[in-house]
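Please read the following report alongside the sequence and the coordinates.

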Amino acid sequence: MTYIAKPKLHHPALTPNALGYLRRDYEGSVSTLCAGCGHDSISAAIIQAAYELDLPPHRVAKLSGIGCSSKTPDYFLGNSHGFNTVHGRMPSVLTGANLANHELIYLGVSGDGDSASIGLGQFAHAIRRGVNMTYIVENNGVYGLTKGQFSATSDRGSKSKKGVVNHDAAIDMVSLALQLGATFVARSFSGDKAQLVPLIKAAIRHPGPAFIDTLSPCVQFNNHAGSSKSYDYVREHNEAVNRLDVIADRKPIEVDYEPGTTISVTQHDGSVLSLHKLAEHYDATDRIAAMAYLAERQAEGEIVTGLLYVNPDPGDLHGALGTTGRPLNSLSDAELVPGQAALDRINAGLR
Amino acid sequence: MTAPLAAINDFVVKFANVNGSGSASANSMFAKAVLRMGVPVAVRNIFPSNIQGLPTWFEVRVTGEGHLGRRGGVDMMVAMNPQTWDRDVAEIEPGGYLFYDSTKPMPPSKFRPDINVIGVPLTAICNAAYTVARERQLFKNIIYVGALAALLGIEIEVIEQLLAEQFEGRERLIKANYDALHMGRDWVKDNMAPLGLQVRRADAVGDRIFIEGNQAAGLGAVYGGATVCAWYPITPSTSLAEAFTSYCQELRVDPESGKANFAIVQAEDEIASIGMVIGAGWNGARAFTATSGPGVSLMTEFIGLSYFAEIPAVIFDVQRGGPSTGMPTRTQQADLIGAAYASHGDTKHPMLLPMDPGECFTFAAQAFDLADRLQTTVFVMLDLDMGMNEWLTEPFKWDDSRRMDRGKVMTHDELEAGRDFGRYLDVDGDGIPYRTYPGVHPTRGGYFTRGTSRNPYARYSEEGSVYVDNVQRLLRKFETAKSFVPAPELRPASAPTREGVIYYGSTGPAMHEALGLFERQGRRLDALRIRAFPFSSEVDDFLASHDRIFVVEQNRDAQLRTLLMAENGGDPDRLVPILHFDGTPITARFIVSSISSLMDATQPPGSRPLREAAE
């Protein structure tokens with residue numbers, strides 16, 4: 001029932017952000033997902049992040065594939081253009097959209113069915129191409145819309161609601177993203193908004209391919225004993241390596257941690273990522289070490305979360321292609337069409 | 001002994017070579033030398049799906065009258081490939097000529113009594129002059145060009161000029177090539193007389209240019225304002241994307257900043273290619289991909305999305321022999337139905353059907369206007385024959401006052417002024433709604449694009465009546481398209497007739513030659529060249545005013561005929577298929593013999609399908 005718009009009830013205590021927008025201005029239609037779905041929490045986190053970052057709500061392009069998670073762009077940023085593409089192919093559509101106009105913020109929202117199975121190839125290639133985007137996978141380890149089949153991120157040995165045991169190895173999208181060259185890689189949990197909102201903010205400010213794997217339990221089909229993607233299981237095995245604060249435009253740091261436990265990473269656009277270490281020795285700027293640490297903890301059955309890797313000064317696809325600083329969709333006839341004089345020269349060379 | 005063939009500016013020379021031996025540039029120099037003497041040529045490169053070792057042929061039709069189709073038959077075979085010797089020799093017309101390397105003696109059984117054998121000891125000449133193996137191979141090609149020039153009356157200075165242009169600035173190479181050229185020429189002058197086949201200087205080329213259709217289409221995409229190209233290599237379309245790339249580097253780099261006013265991505269596959277094109281089109285850039293039939297098969301899901309969500313895209317389909325991997329390096333017009341109705345559900349897509357490189361250029365540019373105007377995928381249907389062979393065509397022209405037609409795009413100011421925006425609302429009655437570019441206005445004009453059913457304001461709906469209204473509007477839009485796409489071209493017979501032919505694409509040159517032959521035979525046929533789908537009212541008129549129409553095309557299943565029946569109510573009894581689909585380009589000889597025998601055997605309306613492969 002996504003045609004039902006939310007009522008415009010404004011609480012008198014709501015405060016506008018620097019652009020004068022209320023949190024309400026970043027919301028979308030009423031969600032049609034199940035009550036308690038992790039995906040709705042992620043939508044709320046995206047709304048919060050956009051509000052806190054003072055984004056003009058219409059300057060985001062939100063793209064998705066097919067599945068429960070891919071429906072969610074309808075439920076946030078209602079003033080943004082959204083594109084619910086085809087199954088597993090959001091990355092290519094996002095890449096093309098980004099090529100047409102690099103000035104918008106590109107938010108790709110997908111699920112484990114959409115990105116780890118049919119879309120694994122496009123996921124990999126968008127990452128390795130260095131498309132400037134925030135790519136969020138709402139990972140519940142299950143096919144929800146078709147009622148409970150295993151997805152490719154289901155852990156081996158985990159049990160479906162019907163009691164079937166998964167015998168296939170799981171695809172770990174975080175490890176893949178690291179290996180493929182994503183310059184911002186995080187994992188979080190839909191049930192931990194305090195962790196998730198700053199990660200989304202940092203990813204949006206990251207000028208390169210940013211990937212967030214967000215565990216997002218499916219209350220209907222994958223929240224039972226024996227599942228490794230349930231609320232209970234994730235809470236028990238969640239091992240956060242750091243706590244992140246994003247200080248956009250050099251506002252003062254408000255969180256005060258013990259000296260020596262916080263490091264600051266300044267991104268290309270001047271935003272500062274203040275990282276409070278929870279795991280000793282974890283260095284979020286060391287890609288190889290991050291991969292090793294993840295593999296090690298995963299073998300122990302732990303789910304490592306937090307900002308796992310960031311390259312503060314990444315390149316992107318436009319840089320590699322040497323495209324003009326202006327959006328390609330705004331170029332005029334004079335800039336695009338060479339005219340008869342150039343044709344005369346070309347004709348002369350073809351005789 | 002059959003009399004040796006004699007002809008001036010009207011014969012076919014075929015080169016049989018081994019792929020990768022460096023023969024291609026020597027052969028095309030031969031063709032270009034004839035052109036530079038003012039005599040039109042039509043060339044066909046017949047190559048394998050291979051980089052080195054397999055047989056390859058290059059056919060040069062010397063045609064003073066300017067027939068640009070393939071003629072069929074070979075008057076002189078330059079037999080440089082032992083693997084294909086027997087079939088090459090068999091292909092020569094009685095009285096024709098066999099040119100071969102006579103260094104190694106051949107048994108008499110390897111020849112034919114009714115042909116003229118021209119043995120030139122190419123290897124011996126080469127080995128005497130060169131010691132390096134690669135030099136022996138490359139210069140052997142130039143030596144035979146020199147020998148052929150002497151035999152056929154091609155002016156040696158013209159070839160020297162071409163060599164000088166090709167190796168401009170590299171004096172040593174020019175000199176070495178001159179030497180090789182003269183070795184071949186001198187040997188012939190010393191040992192043989194010129195043949196009955198002669199090239200004589202004329203003035204029949206005019207200011208026409210010589211270019212491949214793919215290259216022309218790539219240039220057309222530049223002039224059409226395309227800024228995003230996403231593609232995946234596939235024969236025979238690859239050179240289209242490569243031509244776009246090199247023309248962009250030449251014409252689209254900002255001279256001050258050195259920055260590119262274009263973005264070209266070699267995608268991971270065809271699906272990603274069309275996905276990027278649709279993403280860019282959705283976001284207001286002009287975008288295209290170039291592919292062939294197998295690529296279109298992969299793209300169909302996205303093509304359906306483009307149709308239903310109404311997103312501009314341009315696809316160049318350079319057709320090859322299908323189905324499946326088919327004949328990757330042979331030509332066909334067999335993707336017509338696949339493209340016209342690509343994707344599941346009820347879909348239809350406009351197609352432009354260029355005839356030659358000239359139309360490849362103009363239709364390529366026009367396709368971007370049409371895609372924006374109609375907000376849908378527009379196909380430009382080339383084929384291998386026109387795409388990968390250099391054809392003589394009129395020089396490219398551009399009207400400098402022409403501007404891109406971006407179609408119905410609602411602007412920030414219109415939204416700000418409170419103009420009603422419904423993404424799928426038919427405000428003008430032509431079936432074409434307004435769209436907005438993402439990010440245009442803070443609170444108005446945003447909408448959610450999806451492949452699912454939705455109401456005129458882009459809100460999700462599975463209500464039957466809403467769905468029906470929307471897909472009926474899409475039909476109205478398709479009807480509107482008829483007035484935008486290029487109209488068919490009518491060539492009336494010299495006297496009124498109730499019989500006609502319909503043809504399209506690369507069949508054009510062979511058909512035009514055949515029409516001249518029909519007139520000489522006293523057969524009157526009105527001819528209609530279809531240049532686009534959907535078919536406009538001129539096609540209906542033509543169908544209605546003829547009792548029998550031969551539909552000539554290069555596929556097995558008479559695909560254009562099917563479209564004429566399905567879309568315009570063409571009467572199957574009156575539409576007679578003439579089909580050529582062995583992978584070689586259709587010839588005037590084939591058209592004339594197929595249609596003549598049917599006209600002699602039956603009276604219109606005839607309904608007997610002619611299911612017969614070529615030659």
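Two residues are taken to be in contact if their C-beta atoms, placed from the backbone, lie within 7 Å. Helices (H or I, at least four residues) and strands (E, at least two) are DSSP runs, numbered from the N terminus. This is a predicted model, in which local features need pLDDT of at least 70 and side-chain atom pairs count only at pLDDT 80 or more, while totals for chains, interfaces and linings use all residues. Residues are numbered from 1 along each chain as its sequence is written, and chains are lettered from A and ligands numbered from 1 in the order in which they are written.

**A helix pair in chain A**

Pro91(A), Ser92(A), Leu94(A) and Thr95(A) of H3(A) meet Gln122(A), Phe123(A), His125(A), Ala126(A) and Arg129(A) of H5(A). By class, this contact has four nonpolar, four polar and one charged residues, where Ala, Val, Leu, Ile, Met, Phe, Trp, Tyr, Cys and Pro count as nonpolar, Asp, Glu, Lys and Arg as charged, and the others, Gly among them, as polar. Helix H3 (residues 90-100) and helix H5 (residues 120-129) of chain A pack with their axes 8 Å apart and at an angle of about 30 degrees; axes are lines fitted to C-alpha atoms, for helices over the stretch in contact, and angles run from 0 to 180 degrees between N-to-C directions. H3(A) and H5(A) are therefore roughly parallel to each other, given that angles under 35 degrees count as roughly parallel, over 145 as roughly antiparallel, 65 to 115 as roughly perpendicular and the rest as oblique.

**Ile303 of chain A**

Ile303(A) lies in strand S13 (residues 303-310) of chain A and counts as buried, because it has 22 C-beta neighbours inside 10 Å. A residue is buried if 20 or more other C-beta atoms lie within 10 Å of its own, exposed if 12 or fewer, and partly exposed in between, with C-beta atoms placed from the backbone. Leaving aside neighbours within four places in sequence, Ile303(A) is in contact with Leu215(A), Val234(A), His237(A), Asn238(A) and Glu239(A). Ala240(A), 63 residues away from Ile303(A) in sequence, is 8.1 Å away in space, C-alpha to C-alpha.

The secondary structure of chain B comes to 19 helices and 23 strands. Overall values for this chain are set out below.

| Property of chain B | Value |
|---|---|
| Span of the C-alpha trace along its principal axes | about 85 × 65 × 40 Å |
| Buried share of the 615 residues | 54% |
| Share joining residues at least 24 apart, among contacts between residues at least 6 apart in sequence | 76% |

An open sheet in chain B has six strands in the order S3-S4-S2-S5-S6-S7, with mixed pairing; two strands pair if DSSP finds at least two bridges between them. Strand S3 (41-46) and strand S7 (116-120) of chain B stand at the edges, each with a single partner strand, so one side of each has no neighbour in the sheet. Strand S6 (residues 92-101) of chain B pairs with S7(B) in the parallel sense over five bridges, and Phe99(B) has Ile118(B) in S7(B) as its bridge partner.

**Where the chains meet**

The contact takes 51 residues from chain A and 56 residues from chain B. On the side of chain B, the largest share, nine residues, comes from H9(B), and the residues of that side divide into 33 nonpolar, 15 polar and eight charged. Strand S2 (residues 81-84) of chain A and S17(B) run parallel and are joined by three bridges, with Asn84(A) standing opposite Arg450(B) in S17(B).
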